[in-house]
Amino acid sequence: MSSLKYPFGLWRSGRWSVLLTVAAGVAATLTAAEAGGRGRTKALTPTEALAAFQIEAGLRVELVAAEPLVVSPVAFAFDERGRLFVVEGRGYPEPIDGKLTANEGRVVLLEDTDGDGRMDKRTEFATGLGLPNGIAVWRGGVFVTCAPDILYLKDNDGDGVADERRVVLTGFDTSRTSQLRVSSPTLGRDGLMYVASGLNGGKVTSPLHPERAAVSFSPADGRFDPDTFLYESTGGRGQFGLSFDGFGRRFVSSNRHPVLQVVLEPWHLKRNPRLTVTQVMQEVSKVEAEAKVWPISRASVSADFIPSLMNAPHSGTFTSACSVLVYGGTGLSPDYQGNVFICEPAQNLVQRQILRDEGASFRAEVAGGGGREFLASSDTWFRPVFLAHGPDGALYVADMHRREIDHPSYVPEESRGGLDFTSGKENGRIYRIVRAGGDSKRVAKLAGDGEGLVRELDSPEAWRRETAHRLLLEHHEAARVPSLEKSALIAVQAEARVRARWLLRGLGGVSEAVLAAGLSDKTPAVREQTALLVAEYLSAYPDLLKPVLALANDADARVRFAGALTLATSADARVVGALAEIAARDGEDRWTRAAVLTGVTGRLEALAAALRPHAGENPAALAAVRQDLGRLFGVGAPPEECRRFLSQLLREDGPLAASLPALLGLAEGWRTRPGTKAAGADPFAAMLGEAAGEAERQALGGLVARAAALATAGTAPLPARVRAVSLLGWLDSPQRRAVFGELLDARQAPELQLEVVRALERIGDPASGALLLAKKNWTGYSPQVRAAVIATVTGKPPLLTVLFDAIAGGTVAATEIPPAKRAQLMRHATPALRERAEAVFKPIDTGDRMQVYRAHRDLLALKAEAAPGREIFLRVCSACHTRGAVGGKVGPDLTGIRHQPADALLLHILVPNYEVAPAYQAVTVETRDGRTLTGWVATETESALTLRTAFGTDEVLLRSSVASLSASGVSLMPEGLEQTMSRQDLANLIAYLKSEY
C-alpha cells in the first residue's frame with residue numbers, strides 16, 4: 001500500500017572536490033536526532049550521509065554525484081561513452097488532484113571529465129517534462145517514460161542538449177498517482193524494449209504510425225520495437241523496476257512483492273484459450289507480511305497512518321519494493337553475481353537476495369538469513385529508488401533523498417498536515433558500491449569496430465555485455481554473422497553464447513547447426529534459451545524436432561519447461577508422448593504443467609492416454625496434471641469426449657485418491673461450461689445423461705460412498721481427504737451433509753474445515769448456511785475458519801437470511817462481522833436484506849461503549865504529555881502489548897502505531913470490540929484432561945494448535961487432546977479501561993502511543 005518512488009527532473013553544473021566513501025564496519029557518528037527521525041528538517045551533507053550507512057563487510061560506498069549536480073534522481077543509464085543520463089523527478093509528488101502546475105521533470109547528462117570517479121559536469125539534456133521516471137539508451141539518444149508518453153530524445157549537434165524530441169508512443173494511463181505509471185524501459189535479448197506497466201493500463205498508439213490500431217490493455221507490462229514503435233502487451237505486472245538476468249529471464253517488483261519473475265507470456269497461453277491460467281508471475285521472494293526487512297532508521301511507512309491496518313502493521317516488511325536488479329558485474333565479489341537487489345526507499349535500505357532453483361523458476365532467500373541488510377542507513381532521508389550496473393562493474397544506487405517518500409494520496413487526510421512532502425526536492429545523490437580496499441576505476445568507454453563488440457559479448461562485466469549487445473543491434477551489420485556464429489559455439493561466457501544466438505536472429509536468422517549445438521550445450525541455461533528460440537524455426541528446420549523431443553529427458557527442470565513450450569507449438573503426433581513424459585515428471589511445477597497444457601488443444605484424449613503408462617511414477621505430479629486436464633475436458637471438450645473421460649475414470653482400478661484430481665477438474669470445468677445448469681447441480685450425472693448405462697449409474701452411486709469414506713478416514717493422507725471433501729460438494733447426495741457436519745468439528749484439520757466451507761459455499765442453499773452457523777460449529781471455529789465462514793455467508797443472499805437469524809438467536813455476535821462488510825450489507829440492493837442489516841448493525845455504532853467513546857472524545861483537546869503516558873502504558877497495557885522492546889505479546893504489537901489518528905486510538909481503547917481481527921478473538925479450549933484455557937490461536941497445523949494466553953504464555957495442544965473449542969467473537973482486551981485511569985491519564989497514554997517512545 002505504501003510509498004514510492006519515481007519522479008523526474010535535472011539541473012546545472014557543479015562539483016565536489018573530494019571523493020567521499022564509507023566502508024563496511026565504520027560506525028556512524030551521528031546522533032539519532034541528526035541521522036534519523038522525522039523531527040530533523042535539514043538534510044545531511046553527503047559526508048554525513050556516508051557516515052550513516054551500514055554496508056556488508058568487504059564493501060565500500062562511494063559518492064558519485066550530489067546536489068546541486070543532481071536533483072531527485074529516479075532513474076539513470078550510461079551510454080557507451082561512459083556518460084550518465086539521469087532522470088530527475090522534481091515534480092514528485094504531484095498534487096493530489098493530479099494536475100501539475102509546472103513541468104519540472106528533467107533529464108540531465110553527467111560526466112566525469114577528470115577521471116577521478118566523480119561526476120563533475122552537468123548539462124541539462126531535456127527540461128519541461130511532466131513526470132518522467134525511466135530511461136534507456138538507443139541509437140545515440142534515449143527513450144524516456146513520461147506517461148502518457150514514451151519520448152525519444154536525442155542530441156544531434158553535440159552540445160549535450162536534446163534537439164530532437166518525439167513522442168513515439170502515447171496513451172499510457174495517467175489517472176492514478178505517479179508511482180503507478182509506465183516505467184523502466186529495458187532492452188531485451190530479442191531487441192525489443194520492455195516496460196513495466198506501473199500496475200496500470202492504457203490505450204497505446206504511435207503518433208508516428210496513425211494507421212495502426214490502438215493497443216488497449218488493463219494493467220499489463222509491454223514491449224515495443226525501438227525502431228518501428230510497434231507495441232504489444234506482455235506477461236507480468238511490474239510497478240517500478242524491471243531486470244533481465246544474464247540469460248534473459250525477466251524480473252519485476254511491486255511494493256510488497258520484492259522479486260517476481262515473469263514465467264509465461266500471452267503468446268504462450270493463446271495456444272490454448274481454454275487453459276485457465278490467471279497467474280504468469282512467480283513470487284520468487286517472500287511477499288507481504290513475510291517479506292521482512294531490517295532497517296536501522298526509525299522510518300515510518302504509509303500503512304502506519306491507516307486505522308484499518310492497526311492490527312497488521314507493515315513496518316519491518318517491504319512496503320515500497322522497487323528497482324529489482326539481477327547483478328552481473330565484477331565490482332563486488334564473485335559471490336554477488338546472480339544475486340537480486342531490491343530497493344526499499346520507505347525504510348532506507350537495499351536488500352540482497354540469493355536465487356535458488358525451483359522447478360521452472362526460482363526461489364529467493366535473504367542473504368545471510370536476514371537480520372542485517374546489504375545496505376541500510378540510519379538517515380531517514382536516504383531514499384534508494386533505482387539500481388543499475390556501471391561501466392566499472394560497480395552497483396550504482398540513485399538516492400532521491402526526500403524527507404517523505406510516501407505519496408500524500410496514500411496517507412489519510414487527517415495525517416497529511418504533519419508530514420513534509422516537499423523537503424528534499426532540491427537534493428539528490430548517486431552512489432556506487434564496490435569492494436573495499438580497491439581503487440575507484442575511471443568509467444570505461446566501450447568503443448571499437450563491430451568485431452570488437454562481438455568480443456565484448458564475452459566480457460565478464462554485465463554492463464559491457466549489455467552495451468555491446470545494444471550496439472550490435474543498432475549497427476545491424478551482416479558482416480558480423482561469422483563472428484557471432486563462432487561466439488555462439490565457443491564463447492567462454494555462457495551468457496555470450498545465448499546473446500550471440502539472439503543477435504543472429506536479429507540479423508536475419510540462426511543456422512540450423514548453431515541451434516542444434518545450443519540444444520546440446522554443456523550449460524543448461526544455454527539449452528533452455530536455445531529451446532525457446534527454436535520455436536520460431538521448427539517449420540524451417542524440421543529436423544530440429546528430434547533434439548527438442550529429447551529435451552523431455554533433460555536433467556534440468558528449466559530446460560524441460562522450455563522444451564515443453566516449444567513442443568507445444570508443433571502439430572507432430574510425436575509431441576504428445578514427450579509432453580506426457582514432461583508432465584509425469586514435472587507436473588507438480590505449475591509453470592511446466594501449464595507449458596505442457598498449452599499444446600494439447602484438439603488432443604486431450606491423446607494426452608490422457610499417453611499419461612496412463614506413467615501411473616505410479618510420481619503420484620503428486622500426475623494428480624496435478626490430471627486435475628488440469630480434467631478441467632480442460634469439462635470446459636471445452638465435446639460432450640461425448642467428456643463422457644468417455646468420465647467413464648474411464650469411473651472404471652479405473654485402485655484407490656479413489658488416484659482418480660480424484662481428474663474428477664475434480666472435470667467437475668470444475670463443466671461448471672463453467674456455457675449452457676450448464678446452476679450451481680449445485682451434479683455435473684457427473686449431467687455428463688452421463690439419459691444414455692448412461694446401468695454400470696455407469698452404479699459406479700456414480702458408489703462414488704459418493706467412496707468419497708465419504710475417504711473424507712472421514714483419519715489415517716488417510718490429508719490432501720486426499722481434502723479432495724474427497726471437495727468431490728462430495730459436487731455430488732448430489734444427502735449423505736454429504738452428515739460428512740460435512742462431522743468435519744466442521746474444531747478437532748479436525750483446518751484444511752478439511754476450509755474445504756467444507758468451500759463446498760457449502762458452492763452449494764449455496766439455506767441448509768448450507770444453517771450448517772455453517774450451527775452453534776456447535778460456530779463456537780468451535782478457529783480464526784482462519786471463522787473468517788472463511790463469514791466471507792461465505794455474507795457473500796450470497798440465500799445465506800444472509802440465515803446469518804441474520806443466527807445473530808438474532810445469539811449464536812453470532814454482530815461485532816464479529818467486519819466493519820467494512822457491515823457497511824456493505826447496510827447498503828444491500830435487496831430492501832429486505834438491507835433493512836435486516838440496518839436493524840442488526842446500526843446499534844453497534846450507537847451502543848453503550850460507543851456512548852462512552854463519544855463522552856471521552858473531548859479529552860483529545862487536553863494538553864497531554866508522553867512521559868507520564870509511558871507509565872500508564874507500563875501499568876495497564878504492557879502485560880499484553882509490546883511497544884519498542886517493552887511489553888508482552890498477547891495482543892498486537894503497538895511499535896508502529898504512533899502515526900494513527902488520536903481519535904482512532906481512543907476508539908480502539910474504549911471500544912475494543914468495535915473491530916476485532918480474527919487472529920485476536922478470544923478462544924476457550926477445554927482439554928480431555930479437564931483443563932480450560934483462554935487465549936487466541938497464534939498458530940495451527942493439521943495436528944496441533946498454539947494458544948497464546950492472557951499471561952503471555954504459549955500452550956501447544958494436540959488436536960486429539962481438545963475436548964471442545966469455542967470462540968467468543970470478542971477481544972481478549974477488556975472493556976472499561978477508562979475506569980482504571982483519569983481522563984488526563986488517558987490523554988497522556990494516547991500522547992505516549994503517538995510519541996517516538
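## Nonpolar cores

The largest nonpolar core in this predicted model holds 212 residues, and those with the most contacts inside it are Val107, Leu110, Phe684 and Phe841. A second, separate core has 27 residues, including Leu332, Val350, Phe374 and Val397. Here a nonpolar core is a set of buried Ala, Val, Leu, Ile, Met, Phe, Trp, Tyr and Cys residues joined through side-chain atoms within 4.5 Å. Buried means under 20% relative accessible area, exposed over 50%, and partly exposed in between (1.4 Å probe, protein chains only). As background, nonpolar side chains in soluble globular proteins tend to be buried together.

A word on how to read the model: this is a prediction, so local features need pLDDT of at least 70 and side-chain atom pairs count only at pLDDT 80 or more, while totals for chains, interfaces and linings use all residues. Residues are numbered from 1 along each chain as its sequence is written, and side-chain values use heavy atoms, with hydrogens and water left out.

Take a look at strand S9 (residues 141-146): six of its six residues are buried, so S9 is largely enclosed by the rest of the structure. Gly141, Phe143 and Thr145 point one way, Val142, Val144 and Cys146 the other, and all are buried. Strands (E, at least two residues) and helices (H or I, at least four) are DSSP runs, numbered from the N terminus.

S9 pairs on both counts below, where pairing requires that DSSP finds at least two bridges between two strands. Strand S8 (residues 134-138) runs antiparallel to S9 and is joined to it by five bridges, with valine 137 partnering valine 142. Two residues lie between the strands of this hairpin, in which arginine 139 takes a positive phi near 50°. Six bridges join S9 to strand S10 (residues 149-154), again antiparallel; cysteine 146 has aspartate 149 as its bridge partner. A hairpin of two residues links S9 to S10.

## Helices H20 and H22

Helix H20 (residues 694-711) packs with helix H22 (residues 735-743) at an angle of about 5°, their axes 10 Å apart. The axes are lines fitted to C-alpha atoms over the stretch in contact, with angles running from 0 to 180 degrees between N-to-C directions.

## Serine 726

Serine 726 sits in helix H21 (residues 718-730) and counts as buried at 7% relative accessibility.
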